[in-house]
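Here is a short tour of a protein model for you to follow on screen. Keep the sequence and the 3D view side by side as you read.

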Amino acid sequence: FLFKSDDPDLEHITLSLELGITAFETYEARVVKVIDGDTLKVSLTRLSLVDTVRLLGIDAPETGSDGHAKQQCRYLGVDMTTLHILAKLSTIHLQWLLPRGTAIKLKTTGTPRDDCHRILAGVFIDDVCINRLMVEHGYAMVYQGYSDWESYFDLEAAATQARKGIFGSCEEPFYFASSRLYHRPGCNSAQRISLKYPTSNRSGG
């Protein structure tokens, strides 16, 4: 949590407040915003302060074009433009799973924050693990970094075999949504789009 004063005499002063998130704890929170397919902004119930959460065990397609994004392109067998479309689809799917205001629980492991000061956690609605669902539904890849969180390699293999989500063929038509994003007809977001929106025959990811 960062605070900067609007007072010109104090504008050079920045206060940084980091909540004392500890290892192997459970925290109650509400979703403020989905940033991308593996990152959230949440309001922690205890202090009502907004913090950033990185979902453990998963890796969503990148929106940038750095070295990690290039590595994802090679892994998925797509170009950078397609990767960015897949990143939007992944974000939309997490938004569908976690609408703004959703009550969630965060479960930390041995490393409660990363080098970017994000909370590292499993995200749960009751007993349902959202990290797991993102891979199972085909909208995130497995990531083994940060901690000893449970492995989803079997779920990724099944999603790849079934050509779900980001592992799809990119050959089917796309719905043109009111959000001006293209969705695969098989994805949950596309299924909720009104038929008044035409389909596009172009392939893009």
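This is a predicted model: local features need pLDDT of at least 70, side-chain atom pairs count only at pLDDT 80 or more; totals for chains, interfaces and linings use all residues.

Let's begin with residues 170-181, where pLDDT stays under 50. Even so, the model has 40 contacts beyond four places in sequence for this stretch. The average pLDDT of the protein is 82, and 73% of the residues score at least 70.

Now for the overall plan. The protein has five helices and 13 strands. It has 205 residues, and 45% of them count as buried. Take the contacts between residues at least 6 apart in sequence: 53% of these join residues at least 24 apart.

Which residues have the most contacts inside the largest nonpolar core? They are Leu40, Leu98, Ile104, Leu106, Val123 and Ile130, in a core of 44 residues. Pick out Ile130 and look at its partners. Beyond its neighbours within four places in sequence, Ile130 touches Leu55, Leu94, Leu97, Leu98, Val123 and Ile125. Two of the names on that list, Leu98 and Val123, are also among those with the most contacts inside the core.

Next, turn to a pair of helices. Helix H1 covers residues 67-76 and helix H2 covers residues 80-97. Their axes lie 10 Å apart, and the helices pack at an angle of about 95 degrees. Angles from 65 to 115 degrees count as roughly perpendicular, so H1 is roughly perpendicular to H2. Where they meet, H1 brings Ala69, Lys70, Gln72, Cys73 and Leu76, while H2 brings Met80, Leu83 and Leu86. Six residues of this contact are nonpolar, one is polar and one is charged.

Helix H2 is also the place of Leu89. Is Leu89 buried or exposed? Its relative accessibility is 4%, and residues under 20% are buried, so Leu89 counts as buried.

Loops deserve a look too. Ala23 lies in the loop between strand E2 (14-16) and strand E3 (26-36). Its relative accessibility is 30%, so Ala23 counts as partly exposed. Leaving aside neighbours within four places in sequence, Ala23 is in contact with Thr108, Thr109, Gly110 and Pro112.

His117 sits in another loop, between strand E7 (103-107) and strand E8 (119-125). With a relative accessible area of 49%, His117 is partly exposed. Most residues other than glycine have a negative phi. His117 is not a glycine, yet its phi is positive, at about 70 degrees. Arg163 also has a positive phi without being a glycine, at about 55 degrees. You can find Arg163 in the loop between helix H4 (153-161) and strand E11 (174-176).

| Pair | Apart in sequence | C-alpha to C-alpha |
|---|---|---|
| His117 and Thr52 | 65 residues | 8.1 Å |
| Leu89 and Gly165 | 76 residues | 7.9 Å |
| Ala23 and Lys107 | 84 residues | 8.7 Å |

Then go back to His117 in its loop between strands E7 and E8.

Technical notes:
Residues are numbered from 1 along each chain as its sequence is written. Side-chain values use heavy atoms; hydrogens and water are left out. Axes are lines fitted to C-alpha atoms, for helices over the stretch in contact, and angles run from 0 to 180 degrees between N-to-C directions. Helices (H or I, at least four residues) and strands (E, at least two) are DSSP runs, numbered from the N terminus. Angles under 35 degrees count as roughly parallel, over 145 as roughly antiparallel, 65 to 115 as roughly perpendicular and the rest as oblique. Contact means heavy atoms within 4.5 Å. Ala, Val, Leu, Ile, Met, Phe, Trp, Tyr, Cys and Pro count as nonpolar, Asp, Glu, Lys and Arg as charged, and the others, Gly among them, as polar. pLDDT is the predictor's confidence in each residue, from 0 to 100. Buried means under 20% relative accessible area, exposed over 50%, partly exposed in between (1.4 Å probe, protein chains only). A nonpolar core is a set of buried Ala, Val, Leu, Ile, Met, Phe, Trp, Tyr and Cys residues joined through side-chain atoms within 4.5 Å.
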